[in-house]
Amino acid sequence: MAQAYMTETGNGGGSEPEPSGSGLRRRIAEWRRDRGIWRRGIVTAALAALVSLVMIFHAELPNDVGNLGSLTETFLPWLGLAVPLLLVAAVIRKSATALLSIALTAAVWVNLFGGLVTDKSGTGGDLTIATHNVDAANPDPRGTAESVAAAGADVLALTELKAGAVPAYEKALEPTYKYHAVEGTVGVWSKYPLTSSRPVDIKMGWTRAMRVTVKTPAGDVAAFVAHLPSVRVKLNAGFTANQRDNSADALGAALAAEPLKRVVLLGDLNGTVNDRSLSEITSQLRSTQGAAGDGFGFTWPARFPMARIDQILVRGVTPKASWTLPRTDSDHLPIAARVALTP
């Protein structure tokens with residue numbers, strides 16, 4: 001007797017549902033059979049390779065025309081945004097060549113900046129320091145001072161102090177800081193005695209840098225505060241930073257001549273530690289953010305920080321933690337660090 005056999009389906013008809021993962025395997029198989037997978041997306045691959053080369057050899061970019069090298073180094077971490085954008089293009093084009101090139105670009109970025117993404121802060125430290133460009137046009141000096149003082153820093157440096165606003169900062173900070181010194185448009189407030197305050201000539205024609213000795217329980221610390229000249233990005237001139245660069249060299253010379261072993265530099269340097277034009281400074285000191293920071297620590301502009309141009313750099317002390325502080329009415333974010341003065 002003949003027998004009829006029927007295959008049951010889940011809904012009484014149609015075909016079996018495709019096993020999980022088979023769709024992906026099918027697409028991979030299609031890509032393997034696609035002979036054009038290595039020929040397509042050459043432009044995308046070339047762009048990824050170009051981004052990699054810029055990140056690797058940024059120090060070789062010339063500064064002769066519009067300070068192109070310094071401009072690139074200021075925003076260097078942001079080149080990582082090219083990875084997801086190019087990745088989308090590579091997937092749309094179904095290009096293995098582009099995907100491979102983008103993977104290498106991602107690896108270069110992680111090698112350069114991956115360590116900044118993580119939180120490297122630790123415990124310990126016997127001195128907390130902070131700095132803030134308060135903005136000469138700040139509408140609320142008292143509120144700004146009280147906000148920064150709430151961070152609990154032992155030493156606080158302020159830059160871009162407007163002469164008429166200095167009394168407001170002094171009055172607001174007096175309950176927290178017994179000692180202070182102001183030179184030109186920069187100042188230091190401290191819980192510990194201050195001595196030997198003097199201006200530092202950074203070739204600007206007026207005082208925007210100073211040096212003072214902080215008498216801490218663990219010993220003397222030379223505190224430098226500086227506000228280097230601003231830079232501008234102009235279509236007809238590029239990255240105009242010559243005055244800043246000259247001031248950076250002068251500040252570097254002052255730091256090199258400092259006899260005290262423990263040195264801290266606080267302020268607005270109008271440049272990142274990647275910028276070669278600040279090498280006279282950064283070659284002598286280390287960044288607390290780079291050594292013990294939480295994330296990139298961008299400080300400017302305050303509404304959408306894109307670069308860390310406000311710095312705490314140290315020599316002869318050990319960074320333990322570094323972080324940004326809450327926004328004030330300034331166009332910069334304040335920053336703080338905790339350091340160990342004793343081994």
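Contact means heavy atoms within 4.5 Å. Helices (H or I, at least four residues) and strands (E, at least two) are DSSP runs, numbered from the N terminus. With those terms in hand, start with one helix pair. Ile42, Thr44, Ala45, Ala48, Ala49, Val51, Ser52, Met55 and Ile56 in H2 meet a row of residues in H5, including Thr97, Ala98, Ser101, Ile102 and Trp109.

This is a predicted model, in which local features need pLDDT of at least 70 and side-chain atom pairs count only at pLDDT 80 or more, while totals for chains, interfaces and linings use all residues. Residues are numbered from 1 along each chain as its sequence is written, and side-chain values use heavy atoms, with hydrogens and water left out.

## Helix packing

Two packed helices are described by the angle between their axes and the distance between the axes. Axes are lines fitted to C-alpha atoms, for helices over the stretch in contact, and angles run from 0 to 180 degrees between N-to-C directions. Angles under 35 degrees count as roughly parallel, over 145 as roughly antiparallel, 65 to 115 as roughly perpendicular and the rest as oblique.

Helix H2 covers residues 42-56, and helix H4 covers residues 82-93. Their axes come within 10 Å and cross at roughly 165°. That makes H2 roughly antiparallel to H4. Thr44, Leu47, Ala48 and Val51 of H2 make the contact with Ala82, Leu86, Ala89 and Ala90 of H4.

Helix H5 spans residues 96-117. The axes of H2 and H5 lie 8 Å apart, at an angle of about 15°. H2 is therefore roughly parallel to H5.

What is the handedness of the crossing of H2 and H5? It is left-handed. H2 also passes H4 in a left-handed crossing. A crossing is left-handed if the near helix is turned anticlockwise from the far one by less than a right angle, and right-handed if clockwise.

## The sheet around E1

Two strands pair if DSSP finds at least two bridges between them. An open sheet of six strands has mixed pairing and runs in the order E3-E4-E2-E1-E14-E13. Strand E3 (179-183) and strand E13 (318-324) stand at its edges, each with a single partner strand, so one side of each has no neighbour in the sheet. On average, neighbouring strands of this sheet are turned by 15° against each other, direction ignored.

Strand E1 (residues 127-133) pairs with strand E2 (residues 155-159) in the parallel sense, over five bridges. E1 pairs with strand E14 (residues 335-340) in the antiparallel sense, also over five bridges.

Is E1 buried or exposed? Seven of its seven residues are buried. Buried means under 20% relative accessible area, exposed over 50%, partly exposed in between (1.4 Å probe, protein chains only). Both faces are covered: Leu127, Ile129, Thr131 and Asn133 lie on one side, and Thr128, Ala130 and His132 on the other.

## The sheet around E12

Another open sheet of six strands has the order E5-E6-E7-E10-E12-E11, with mixed pairing. Its edge strands are E5 (194-199) and E11, and each pairs on one side only. Strand E6 (residues 209-216) and strand E7 (residues 219-227) are antiparallel and share eight bridges. Helix H8 packs on the sheet, touching E7, E10 and E12. The direction of H8 makes about 175° with that of E7.

Strand E12 (residues 310-315) has five of its six residues buried, so it is largely enclosed by the rest of the structure. Strand E10 (residues 263-268) runs antiparallel to E12, joined by six bridges. Strand E11 (residues 286-287) is also antiparallel to E12, over two bridges.

Here are some bridge partners from both sheets.

| Residue | Bridge partner | Partner strand |
|---|---|---|
| Leu266 | Ile312 | E12 |
| Ser287 | Leu313 | E12 |
| His132 | Leu158 | E2 |
| Lys215 | Asp220 | E7 |

## A buried glutamate

Where is Glu258? Glu258 sits in the loop between helix H8 (242-256) and E10. Glu258 is buried, with a relative accessible area of 8%. A polar atom of its side chain lies 2.9 Å from the backbone nitrogen of Leu260. Not counting residues up to four places away in sequence, Glu258 touches Arg211, Ala222, Phe224, Val263 and Arg315.

Note on methods:
Polar contact = N/O pair within 3.5 Å; in protein donor to acceptor, adjacent residues only side chain to side chain.
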